[in-house]
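Hello,

Here is the structure I promised to pass on. Please open it first, then read my notes below.

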Amino acid sequence: MHNEMLHHPAIPVPLRNFLRSHGQPLPAPLAELETSARDRDVPIIPHETVDYFQTWFRQVHPTSVLELGTAIGFSALLFSHLMGSQGKVSTIERAPTMIDHARANLAQYDHHHQITMLTGDATDILSTLTDTYDVAFMDSAKAQYIHQLPAVLARVKVGGTVFIDDVLQGGTVFSPETEIPHRLKGIHRNLRQLLDSVFAEPDLTATLIPLGDGLLMMTKNADKAYHF
Ligand SMILES: C[S@@+](CC[C@H](N)C(=O)[O-])C[C@H]1O[C@@H](n2cnc3c(N)ncnc32)[C@H](O)[C@@H]1O
């Protein structure tokens, strides 16, 4: 589960280090969970992205999040903390070991039962959902983002926001495909298609935030079925 791309940050290392050491502190349980995940190389969102979410959630005040990729539940717990006791998170995870860890963490820290974990493959589970959300956070299998995005957008309110993490492949997503190692060509192609499609879609307002390995952010502007 090691994310080699996190060692190639999109921003200069001194700037990344500044952001990692000067952000707003997390409450003790979340800070401990973050430290223990990093110590064990569990692939949670990088700290500069944690800080970005701390700022953004306090400006926008969303009350519901759909997450793809729970891992041990760190970002789901972060979102519920940032939304306050009225906030709700539905989070999807398929890996049995992660599900066990997340269940233990949610039992310990999700005091107000704000988080619902849905277990199974995200593509299958998306087709069963009926609620709509203020925010979707896609943080699962990068090659699947382009295929899952239409179903995710269908579950987001008009005016709502989709964040997609780790879209830059250490900046190589803009390199010619001939320079990409064979084992990474599929991910490269799908991420490139994702970026091109999202920025070309007139009913999405998109930007790319160079934090971690790149955080793609878009606002859903129309009540329609999106196709890419
Ligand atoms: C980067 S981690 C998520 C980290 C988490 N969002 C955090 O920051 O605390 C990605 C997770 O997505 C899960 N995953 C990958 N593909 C998936 C899929 N198709 N359906 C459900 N979960 C998936 C992996 O098992 C892994 O635990």
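**Around the ligand**

A backbone N or O atom of isoleucine 45 sits 2.9 Å from an oxygen atom of the ligand. This model is predicted: local features need pLDDT of at least 70, side-chain atom pairs count only at pLDDT 80 or more, and totals for chains, interfaces and linings use all residues. Residues are numbered from 1 along each chain as its sequence is written, and side-chain values use heavy atoms, without hydrogens and water.

Serine 75 has a polar side-chain atom 2.8 Å from a ligand nitrogen atom. In glutamate 93, a side-chain N or O atom is 2.6 Å from a ligand oxygen atom. On its own, the ligand has 610 Å² of accessible area (Shrake-Rupley method, 1.4 Å probe). The protein covers 94% of that area.

The ligand is surrounded by 20 residues (a heavy atom within 4 Å). Gly69, Ser75, Glu93, Ala122 and Asp139 are the closest. The shell has ten nonpolar, five polar and five charged residues. Here Ala, Val, Leu, Ile, Met, Phe, Trp, Tyr, Cys and Pro count as nonpolar, Asp, Glu, Lys and Arg as charged, and the others, Gly among them, as polar.

**Two helices**

Helices here are DSSP runs (H or I, at least four residues), numbered from the N terminus. Helix α7 (residues 145–154) packs with helix α8 (residues 185–200) at an angle of about 40 degrees. Their axes, lines fitted to C-alpha atoms over the stretch in contact, are 9 Å apart.

Best wishes

Methods. Axes fitted to C-alpha atoms, helices over the stretch in contact; angles between N-to-C directions. Polar contact = N/O pair within 3.5 Å; in protein donor to acceptor, adjacent residues only side chain to side chain.
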